[in-house]
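Open the model in your viewer and keep the selection tool ready. Each stop below says what to pick next and what is there.

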Amino acid sequence: MPVYEGPSIDEAISKGLHALGLKKEAVDIEILSDAKKGFLGMGKKDARVSIEPIIVEKNIVTSEAAEEPIKEQFVEEKLEEEVSKPIETTDTPSQLVELNEDEAVKELALYLTNITNDMGVPALVKIQHEASGLIVMNLETSKQGMLIGKHGKILNALQYLAQVFLHRVAKEKLSVVVNVGNYRQKREEVLTRLAQRTAEKVKETGRPVFLEPMPAFERKMIHSALSKDEYIKTHSEGEDPYRYLVVEPAKKYF
């Protein structure tokens, strides 16, 4: 560790910075001893400081991190392929059949398993039945981020495919939610805050706000969060999977 001396601490530091060709912000300085004047020239000592350059570790992008955008693009392409393909069940390939709830849900679990395997993001599908009648398909994987995607884009696409699948093969109308980890729970908190902020903006401006496309159950969350606000009304526009929510002022107040 380089040591520099000078008649004062400031001069010792200045001497060291000049020798290193660095600014004060780029070094670590340790004061070893202050200067001593001595008596009649005896015992006089210069100040001593230790100066060492700060080593900044550069953020190295790993090959895995660099591949994330490529992987996500691959996943999106696979989903586009799935949307355009006819849905098949294990019992009757290329033929849509009316299945009871248990049969339809089992077929859906297999369908999601096959899709995630094809994507290169294998997942274990666990089925959960809620008291409300909602079916939750929990995808357990070591690559959660790849199945969620940016802003939940991939997960919402899987959600859309799952709902379309059930509509085609089930006898009765069934509602499904596809979840990864606790993403949906966190998303619900985000949507609640979004609903409140959007309502305030509409009240301040008196103009409608058009939200980003969302799955039906997410739009329903915002509908529900704002349903008791008499100054606000909401409705959906567009076609799935690009259907979006419009939050606007109630005309009688504006």
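**Stop one: helix H7**

Select what covers the buried residues of H7: it includes helix H5 (153–169), strand S6 (176–180), helix H6 (183–205), strand S8 (232–237) and strand S9 (244–249). Helices (H or I, at least four residues) and strands (E, at least two) are DSSP runs, numbered from the N terminus. Now pick H7 itself, residues 216–226; Phe217, Glu218, Arg219, Ile222 and Leu226 are its buried residues. Buried means under 20% relative accessible area, with a 1.4 Å probe and protein chains only.

This is a predicted model: local features need pLDDT of at least 70, side-chain atom pairs count only at pLDDT 80 or more, and totals for chains, interfaces and linings use all residues. Residues are numbered from 1 along each chain as its sequence is written, and side-chain values use heavy atoms, leaving out hydrogens and water.

**Stop two: Gln163**

Go to Gln163 in helix H5. Gln163 counts as buried because its relative accessibility is 17%. Show its contacts (heavy atoms within 4.5 Å). Not counting residues up to four places away in sequence, Gln163 touches Leu174, Ser175 and Val176.

**Stop three: the sheet**

Select S4, S5 and S6: these 3 strands form an open sheet in that order, with mixed pairing. S4 (124–129) and S6 are at the edges with a single partner strand each, so one side of each has no neighbour in the sheet. S4 and S5 (residues 135–140) run antiparallel, joined by 6 bridges. Click Val125; its bridge partner in S5 is Leu139.

**Stop four: past H3**

Finish just after H3, where Gly120 takes a positive phi of about 85°.

How values were computed
Buried < 20%, exposed > 50% of the residue type's maximum accessible area, 1.4 Å probe, protein only. Pairing = 2+ DSSP bridges.
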